[in-house]
Amino acid sequence: MITQVRPPQPVTIGALAPLTRPGWVEAGRHLLAGLELAVGEVNDGGGIGGKPLELMVRDTAADPRRAAAAVDELAQLGVAAVAGEYHSVAARAAAARADALGLPFLCSSAVLDALTEEQTEWVARLSPPQSHGWRIYADFLLGAGHSRIAVATEPSVYWASGVRILRDHFAPRGGTVIELDARVLTPAAVCDALVDHRATALLLLVGFPEPAVSIVRSVRRDQRLTETMIGAPAGQPEFAAWATSLGGDSAAIPFLRYLPGHLGPLGARVATALRDRLSEEPSFVAFEGYDTVTVLAEVLRSHGTDRARIAASWPHVAVEGTRGPIRFSRTPGISVWQSARTPVQVVDRDPAEPSRLRIRHAG
């Protein structure tokens, strides 16, 4: 009799990503590419104690209700932890459910400071909090001489948080932040308001492609606003669809990204692998995805698959990531375990070559 040897049961991780509209699909694709690349490398190296690592991917479409429902489903399916997500509103819903269920959640890319209402032991985050990155962006604006800025906004806890951070940073330095409701104002009316308020910069705190594309085109074509800077701190210009939609108008619009000035050996190797997988230059979101699995794989090897032990391991993590060492600590005002020293840059697309990104400021 031949005894059949059953393959070992995989260790599963739930993965959340916006893979359909109205989610930022490109961001979801890059996030998933990083997650999958790292899982493949973990399995090539023997998996987790000889067991393969497997992703259970769920599409959030940037919808908080879908994100929460996905966490419920994944918890019932027995995943060891949940990872991923790009949109802050979806990540916040996922974090709340993970906290309530006692399910570890390593958030890859969402930056909203208040991912959970109360301090939690179950949630950790790789990306820097919004208050940190957006203050660096505000310093860039002030350093470039923009003390009177306008923000075109739509209703969202994320956009509202961004406006509050900017106001708090600008006011003590003599700056002014003027809020323009993009639901009410047409792109032409936004241009009129910029002139009326004598704003020297306009920040796009709105969705893509619309109304962002129409606002950019209107401002670029308004002869009264030839010296007005357009900015997009949330990072809409990071992805190729921005340049495809706006052509030459896509350039010189500074945004935030979370990469160092130079990648080390690990980062450079992963960048090459991601470039091959994506058939385009990888965004910082792809590196965040890779680093997420790198952290979880180390935790699973060291602490096993028990959910409580995984959550208890956050303050003890010490992993080399693609953008530098990864460690988690408690940060004042942040309710989750927060990765420290994540690099922050302000970059834009070069007007002479929109496919090339220029570093304008680093913090």
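## Briefing: a predicted chain, from one loop outwards

D222 lies in the loop between α7 (212-221) and β9 (229-231); helices (H or I, at least four residues) and strands (E, at least two) are DSSP runs, numbered from the N terminus. The model is predicted, so local features need pLDDT of at least 70 and side-chain atom pairs count only at pLDDT 80 or more, while totals for chains, interfaces and linings use all residues. Residues are numbered from 1 along each chain as its sequence is written, and side-chain values use heavy atoms, with hydrogens and water left out.

- D222 has a relative accessible area of 13%, so D222 is buried (buried means under 20% relative accessible area, exposed over 50%, partly exposed in between, with a 1.4 Å probe and protein chains only).
- The side chains of D222 and R224 make a polar contact at 2.8 Å; such a contact is a pair of N or O atoms within 3.5 Å, where within protein one must be able to donate a hydrogen and the other to accept it, and residues adjacent in sequence count only if both atoms are side-chain atoms.
- Between D222 and A189 there are 11 Å, C-alpha to C-alpha, for a spacing of 33 residues in sequence.

**The chain as a whole**

- The protein chain holds eleven helices and 16 strands.
- A compact globule of 363 residues would have a radius of gyration near 21 Å, and the protein chain agrees with its own 21 Å (taken over C-alpha atoms; the globule rule is 2.2 Å times the number of residues to the power 0.38).
- Along the principal axes, the C-alpha atoms of the protein chain fill a box of roughly 85 × 40 × 30 Å.
- Buried residues make up 55% of the 363 in the protein chain.
- Take the contacts (heavy atoms within 4.5 Å) between residues at least 6 apart in sequence: 70% of them join residues at least 24 apart.
- About 15,100 Å² of the protein chain is accessible surface, and carbon and sulfur atoms account for 51% of that; the areas come from the Shrake-Rupley method with a 1.4 Å probe, and for residues only the protein chains shown count as cover.

**Helix α5 and its surroundings**

- Helix α5 covers residues 157-170, and its 14 residues should span 20 Å at 1.5 Å a residue, which agrees with the 20 Å between its end C-alpha atoms (the expected span is 1.5 Å times one less than the number of residues).
- At the start of α5, the backbone nitrogen of Y158 has a side-chain oxygen of S156 within 3.0 Å.
- The buried residues of α5 include Y158, W159, V163, I165, L166 and F170.
- Those buried residues pack against helices α3 (88-101) and α4 (130-143), and also against β6 (148-153), β7 (176-181) and β8 (201-205).
- On the α3 side, S88 lies in that helix and counts as buried because its relative accessibility is 7%.
- Beyond its neighbours within four places in sequence, S88 is in contact with A110, V111, L112, L115 and Y158, and its side chain reaches the backbone nitrogen of L112 at 3.1 Å.

**Helix α1**

- After α1 comes G46, with a positive phi near 110 degrees.
- A38 is part of helix α1; with a relative accessible area of 3%, A38 is buried.
- Leaving out residues up to four places away in sequence, A38 touches Y290 and V293.
- V270 is 232 residues from A38 along the chain, yet their C-alpha atoms are separated by 9.0 Å.

- P22 sits in the loop between β1 (11-17) and α1, while P211 sits in the loop between β8 and α7.
- R198 is not a glycine but has a positive phi of about 55 degrees; R198 is in the loop between α6 (187-197) and β8 and counts as exposed at 58% relative accessibility.
- A252, again not a glycine, has a positive phi of about 55 degrees; its loop runs between α8 (240-246) and β10 (255-257), and A252 is partly exposed at 26% relative accessible area.

**Cysteines**

- The whole structure has zero disulfides (pairs of cysteine sulfur atoms within 2.5 Å).
- C107 counts as buried at 0% relative accessibility, and C191 counts as buried at 3%.
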